[in-house]
Amino acid sequence: MSEELTVVPVAHVIGGRVEPTDDYWGGTRSVIRIDPERYTEESVVGLEAFSHIEVVFVFHLTDPGDLPPELRRPRGNPDWPAGGTFAHRNMRRVNRLGVSRCRLVAVDGLDLHVEALDAVDGTPVLDIKPWFSVMGPQGEVHEPTWPSQMLADYYTTTPPAQERGGVRAGKPRK
């Protein structure tokens, strides 16, 4: 079942954060700059009508050798259950692919101005799709409680006062 695929970035993230961190992505503004050598402005016609987009990207700063085969706890928290690779959404995976939904603020030529995209400056973007709410989960959604606990601050804009100064803010992703 070893099949190799070749993918080419359609864009790159410009600006925003330079280091991936666990939380506080709310308010982060960046630009997805679509490759002008491969695409024209016709490629984004109609996109401005959408409030959100889905972005498929490469975790380009991840060490490809950092792929622990063993079960691991989210963010190393002993209170949360250990899970395998496919029970996590982090960057430690064979193909280093990330998927994010973010707010589309403006379309300016081939520059897509976005907010709360959890990808850093220089990130290769493999695909961009408008978010259709009808394509969201169908039927009842269920999940354990730990993701909501872990991600409580993911889209907030700043750490609480007691966490400023580096206790959690700016902590590298795990």
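Predicted model: local features only at pLDDT ≥ 70, side-chain atom pairs only at ≥ 80, totals over all residues.
User: How are strands defined, and when do two of them pair?

Analyst: Strands are DSSP runs of E with at least two residues, numbered from the N terminus. Two strands pair if DSSP finds at least two bridges between them. Here, a closed barrel of six strands runs β1-β2-β5-β4-β3-β6, with antiparallel pairing. From one strand to the next, the twist averages 45°. That angle is taken between N-to-C directions, on a scale from 0 to 180 degrees, using axes fitted to C-alpha atoms.

User: Which strands does β1 join, and by how many bridges?

Analyst: Strand β1 covers residues 11-14. Four bridges link β1 to β2, residues 29-34. In that pair, Ile14 stands opposite Val31. Two bridges link β1 to β6, residues 124-130. There, His12 has Pro124 as its bridge partner.

User: What stands opposite Val31 in β5?

Analyst: His113 does. Strands β2 and β5 run antiparallel and are joined by five bridges.

User: How do I read a nonpolar core?

Analyst: In soluble globular proteins, nonpolar side chains tend to be buried together. A nonpolar core is a set of buried Ala, Val, Leu, Ile, Met, Phe, Trp, Tyr and Cys residues joined through side-chain atoms within 4.5 Å. Buried means under 20% relative accessible area, exposed over 50%, partly exposed in between (1.4 Å probe, protein chains only). The largest core here has 21 residues, of which Ile32, Ile53, Leu112 and Ile128 touch the most other members. Strands β1, β2, β3 (52-58), β4 (97-108), β5 (111-115) and β6 each supply at least two of its residues. β3 gives the most, with three.

User: What does Ile53 touch?

Analyst: Contact means heavy atoms within 4.5 Å. Not counting residues up to four places away in sequence, Ile53 touches residues including Ile32, Leu47, Leu112, Val114, Ile128 and Trp131.

User: Where is Thr62, and why does it count as buried?

Analyst: Thr62 lies in the loop between β3 and β4. Thr62 counts as buried because its relative accessibility is 7%. Leaving aside neighbours within four places in sequence, Thr62 is in contact with Met91 and Arg96.

Notes. Residues numbered from 1 in each chain as written. Heavy atoms only, no water.
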